[in-house]
Structures are given as structure tokens and as C-alpha cells.
Amino acid sequence: MKRPVQTLLLTLTGIGLLHAALFTDTYLRYVKAGLRPLLITSGVVLLLLGLAAAAARSGPEHAAADDDQEHSHEHGHDHSGAPRIAWLLFLPAISLLFYAPPALGAYTAARSNAKPVGVQKGFAPLPATSPLPLTLTDFTKRVQQDPGRAIRTRLVQLTGFVSPAENGDGWYLTRIIFTCCAADSQTVKIRVYGTEAPPANTWLAVTGTWHPRGTLGTKTAQAALDARDAHPVAQPVNAYTDDLPLTPS
Amino acid sequence: MEKTDELVGVAEGVTVVPVGTPSVRRIRPWPLAAALVIALGAVAVLALVGTQGLNRPAVQAWRTVCLAITVQALPFLLLGTALSGAINAFVPADLFTRVLPKRPALAVPVAGAAGAVLPGCECASVPVAHSLIRRGVTPAAAFAFLLSAPAINPVVLTATAVAFPGDPAMVAARLLASLATAAVMGWLWLWLGKEKWLRPVLRHRHSGHRHGRSRLHEFRLGFQHDFLHAGGFLVLGAMAAATFNVAVPRSVLDAFSGSPWLSVLFLAGLAVLLAVCSEADAFVAASLSGFSPVARLAFMVVGPMVDLKLIALQAGTFGRAFAWRFSTATTLVAVAASVLIGGALL
């Protein structure tokens, strides 16, 4: 790989990282929010490295040194160039800048196992609001673990995206959650009955009541909803969480 | 003989010879062959899923996961290569030989432990170990360092602690099992190793500060080279991992996770195939939640020491005769260490 290409690659990768983490929220499609300072720092460092390489090349003193190295492969200095494997780095850089893939969606959700829901011991009384906004995880816990069965008659509102069900009627309201990056994603799903399946990946707020199947408050209860109403909502900026929407929708 | 010489020439020379020189194009180093295989695999996947190309859900998911692994690991990689560049440029050349004990059997564990304070990606540790040997460090100690440095440095251990929250035993087990493997491999080399497996170094190489050059300039060049080099392998690893992540149904994993013995061997083999950078492999291990802790430990102990890109790098640097013997032995020792130490701690 020639020096000007290396300079271009470093600069492009730096700009790509800055574009994804500083100027836009694209990085949230791939990694957790906590990585943002590191990504911005990396972008700046790479950009500086690229600029330094460019400056060293145009400067008279170092240009000679660089040229000397480029032609001195008989001496085989370790650091004079980059191996051709480095060309692969152009892929993420260009992808981040011009062709960023979307957040994981229905395709991944349909092929992954459901995330095991943690065990919760005590359940506080539910707020009186109706419909009651709940996260998919909380709804699953209430259905499968709450011995007080407080959820039984309540009208709840859940938010997530649509993923198709493999068999039977109904579809899944879905959230994909990860701890670090999209490679370790896990899925939370609630089966929804009572409405036609909307197109996959549509973000919806669904209002409804528990779909009675199994014994409420035990593992046999199905985390499912009889939908009364479903209306589209905007996709959250950070889609990889199972949080309540900040504004009532 | 001629062939092996060429291979060494490629590993060292390809970094300097401008791309496109006909004499180099003839000889393809292993990493490129691997890249080719992956590219072909990607094309095959594209052909299988249809002509819609890059916007098919499967391909989109693959791109997302691939980019996620790369973006996630880039800051760690940058940190590691910056440090190794700084050490290369600013640490005195004879420091390592002065600090190490004279007796090889003692130098091995010391060099293994020294891996902890010299953070670097596994790709960077191969040239460092090579230059250590050239500076008179006994090969056994250099190999112990080569194995331990990517596995037990603070960056990797921190990443492990982050990936396994509330499970400090996993971090301790990884540290101990990696150290044990590195030391055992060093002693094994003292006992059974033969110098003739190592390629005589044909070219005069320098890594480290040279007189008449600005240290800052050396640092920048080393940093840049190491980053681009390791970054390329990172993307390759991310592609392989993403292919695995998207293409293999989770039920296949579950089939192996049931049996404790098979699962350890399966994840050890997976670590070799996936070639995930050691700074990121703890997160991959954490996501393999269906497997026993010992199997996941084996994944994290084998991964930084043996994987496809490392075998390629070692074959280029030390010779093929060395690389396959060393990698096979390391895998066996690492699995044994994981089972013993993981069995005791986890």
C-alpha cells in the first residue's frame, strides 16, 4: 500500500468515525452509547495521524526520509509501509460515511432465541395510569412472575418493532438489546393477537390487555397481548434498548 | 527451501514493496488467501440470498454486525497500537535483555508476566517477539511473551471485566490460564524446541529507535503501520465473525453446548476460526451464553494465542515448520490450562 493511500485511509477512517459518533447518531446502530467518547477520540487521533502523514510527505525534510524508506526495502524496515490486508479497512470507513447499514431488525429477531428474562422478587403496585406504558421486559416479568397478578385486567401500552411469527396467528412486538455491540444482540418478544400483522420492522405503540393463555404469574403464562389499538411511532434514536418512550405517544 | 525463503520475503517485504509490483503479485501471503476465501464466501452468500444484493435483510444484518464489531474494536486497537508504537520508539533497545534473568527457565515466566505491562494486539506481538529474539532474548522467553502479551494485558482484562459484569472469577481465570499456557509453552520450547524450525532471519531488520531519526517520526510510522496492519486483520476477523453470527442458526450452537467436553473443544476451535481480536473476544465469549463458563474461558484463552491470522503471521515471521507445530501445541496446552484452572475457579 503506497503512502498517499495510507494517508487517505487514515483520514477517511477518522472522518468516518467522527461522522458516525460526533456529527450523527449513526454509531448507536452498532455500539452502545457509552463508547461515544472513545469513538470520537479515535476519530480525532486517526485524523491527526492522517494529517501528520500528509504533512510529513509534503515537508521537504521528511519527504526525503519517507522516500528513503519507501525505496529501502532491501533493509526491510518494519514500519515503512502497510501490508495489503490494510485495504480491507476501506470497507468500514466507506460504509460509515456513505452507506451505513440500518440497525438490526426483524430478520435478526426472527432467527434469535428469546432473551431469558431475569428473575424479579418483589413487585410494586402498578400505577393507576391507563393505558399503562410498560417495557417488553417488564410486561413479561409481570405476566410470568408476579404472584399478585396485578397485570390481569390492566390496559397496557408497549412499544417495539414488528417481526413476523413463524407459526399460527399473530405477530411479535420486538426489541433487540445488546450489552456492547450489535454482535451480541439478544431479543425480547411479545406475541400480539387481534390485529393484522403490519409490515416487518414497523415501529408501533400497541395498546391492549394480556392474552389469557397459561396460568398468570407462572412460567406457563404466555407473554402475549390482545391488541385493541396499534399506531405507528418514530423509531427511537437508540433502538437497542427496552426503554419507555420519553414522551407519551 | 526456496519456497520458505520466499514466504519470509513476502511477510517482511510486502510491507515495503509498492502494491502492484509484478514480482510480489505472484506470491500471495496467507492473509490475502483468507481474505479471498471470505470475499468468495460473501459473494456466495449474496448469490444465495438473491439479486437484491446489499439490501437483503441477511446481507444488511451481516453488514451491521460486521461494522459493529469493527467500530467497537477500533478504539481498543488504536490504543494498543499507539502504546506498542511508543514502546518501540521510546523504550531503550537493550532494556529487555537487561531486565530478564540470565537462566532461560527463569526468563520464561518473567517474560510471560511482562506481557501484562506491554499491551498490544496479538498482531503486534508477533513482530515484537521477533525483534526480542533478534536482540538476544532466548526464543523460549520471547514465545512466552508472544503468547501472554495479547491475552493478559490491562486492556484485555478490563474488556473481560466489562464483558462479564459481576464475575471477577472469569477475569482471574483468564489471567491465570493464559499465564500458565504461556509459561508451559516457553518451557516446552526449552525442552523440545529445535532452532532449525525457526527461519534464519535473512534480512536486517530494525524495530525500535534508530540513530539519526526523530523519535516522534519513528513513533508515528510505527503507530501508523501497526494500526493499518492490525486494522486490516480486524476487518477480516469481523467479516468472519459476522458471517458466523448471521449465517449459523443458534440451534447449531445449542447442539454443542449440551456436552461439557465437546463444548470446550468446539469453542476452542471456534476461537481459532473466528480470529476475533483479543480486545474484543471477551464480548463474543459473553454472548455465547448457552455454553459453560469453562468452554467460554477456553474460547478466551485460545483466541489471543492461536487463530488463523496469527498462524499466518507466525508462518511469515518464523517459518511454516515452526508455525504449525507451535500453534498445535499451544492449542492443546491452552485447552488443558482452561479446563484445569476454569474447573477450579469457575
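User: Which residues of α8(B) meet α10(B)?
Analyst: Keep in mind that this is a predicted model. On the α10(B) side, the partners are L175(B), S178(B), L179(B), T181(B), A182(B), A183(B), M185(B), G186(B), W189(B) and L190(B). Facing them from α8(B) are P139(B), A140(B), A141(B), F143(B), A144(B), L147(B), S148(B), A151(B) and I152(B).

User: Are α8(B) and α10(B) roughly parallel or roughly antiparallel?
Analyst: Their axes are 8 Å apart and the packing angle is about 165 degrees. Angles over 145 degrees count as roughly antiparallel. The crossing of α8(B) and α10(B) is right-handed, and the pair is therefore roughly antiparallel.

User: Which residues of α6(B) are buried?
Analyst: Helix α6(B) covers residues 104-114 of chain B. Its buried residues are covered by elements including α8 (139-152) and α10 (168-192) of chain B. The buried ones are A107(B), V108(B), P109(B), A111(B) and G112(B).

User: Which residues have the most contacts inside the largest nonpolar core?
Analyst: That core has 158 residues. Its largest share, 14 residues, comes from helix α4 (residues 57-90) of chain B. Domain 1 (3-98) and domain 2 (106-232) of chain A both contribute residues to the core, so it lies between them. The residues with the most contacts inside it are A144(B) and A298(B).

User: What is A298(B) in contact with, leaving aside neighbours within four places in sequence?
Analyst: A298(B) is one of the residues with the most contacts inside the largest nonpolar core. With those sequence neighbours set aside, its contacts are V264(B), L267(B), A268(B), V335(B) and S338(B).

User: Over to chain A: in what order do its elements run from the N terminus?
Analyst: Chain A has six helices and six strands. Reading from the N terminus, the order is α-α-α-α-α-β-α-β-β-β-β-β.

User: What share of the contacts in chain A with a separation of 6 or more comes from residues 24 or more positions apart?
Analyst: For some context, chain A has 249 residues, and 40% of them are buried. As for those contacts with a separation of 6 or more, the share from residues 24 or more positions apart is 69%.

User: How are α1(A) and α2(A) oriented, roughly parallel or roughly antiparallel?
Analyst: Helix α1 (residues 3-23) and helix α2 (residues 36-58) of chain A have axes that come within 8 Å and cross at roughly 155 degrees. The crossing is left-handed. Residues making the contact include L10(A), G14(A) and L18(A) of α1(A), and L39(A), G43(A) and G50(A) of α2(A). With angles over 145 degrees counting as roughly antiparallel, these two helices are therefore roughly antiparallel.

User: What is the phi of R149(A)?
Analyst: R149(A) lies in the loop between α6 (136-145) and β2 (156-164) of chain A. With 16 other C-beta atoms within 10 Å, R149(A) is partly exposed. Its phi is positive even though the residue is not a glycine, with a value near 55 degrees.

User: And what about the phi of N201(A)?
Analyst: N201(A) belongs to the loop between β4 (186-193) and β5 (203-210) of chain A. N201(A) is partly exposed, having 17 other C-beta atoms within 10 Å. Again this is a positive phi in a residue that is not a glycine, about 75 degrees.

User: Back in chain B, is L216(B) buried or exposed?
Analyst: L216(B) is placed in helix α11 (residues 215-247) of chain B. From W187(B) it is 29 residues away in sequence and 37 Å away in space, C-alpha to C-alpha. There are 11 other C-beta atoms within 10 Å of L216(B), and 12 or fewer counts as exposed, so L216(B) is exposed.

User: How far apart in space are V99(B) and A149(B)?
Analyst: V99(B) is in helix α5 (residues 95-99) of chain B and is exposed, with 11 other C-beta atoms within 10 Å. In sequence, V99(B) and A149(B) are 50 residues apart. In space, C-alpha to C-alpha, they are 17 Å apart.

Note on methods. Residues numbered from 1 in each chain as written. Chains lettered and ligands numbered in written order. Predicted model: local features only at pLDDT ≥ 70, side-chain atom pairs only at ≥ 80, totals over all residues. Core = buried A, V, L, I, M, F, W, Y, C linked by C-beta atoms within 7 Å. Buried ≥ 20, exposed ≤ 12 C-beta atoms within 10 Å, placed from the backbone. Helix = DSSP H or I, 4+ residues; strand = E, 2+ residues; numbered from the N terminus. Domains from an automatic or database assignment. Contact = placed C-beta atoms within 7 Å. Axes fitted to C-alpha atoms, helices over the stretch in contact; angles between N-to-C directions. Parallel < 35°, antiparallel > 145°, perpendicular 65-115°, else oblique. Left-handed = near helix turned anticlockwise from the far one by under 90°.
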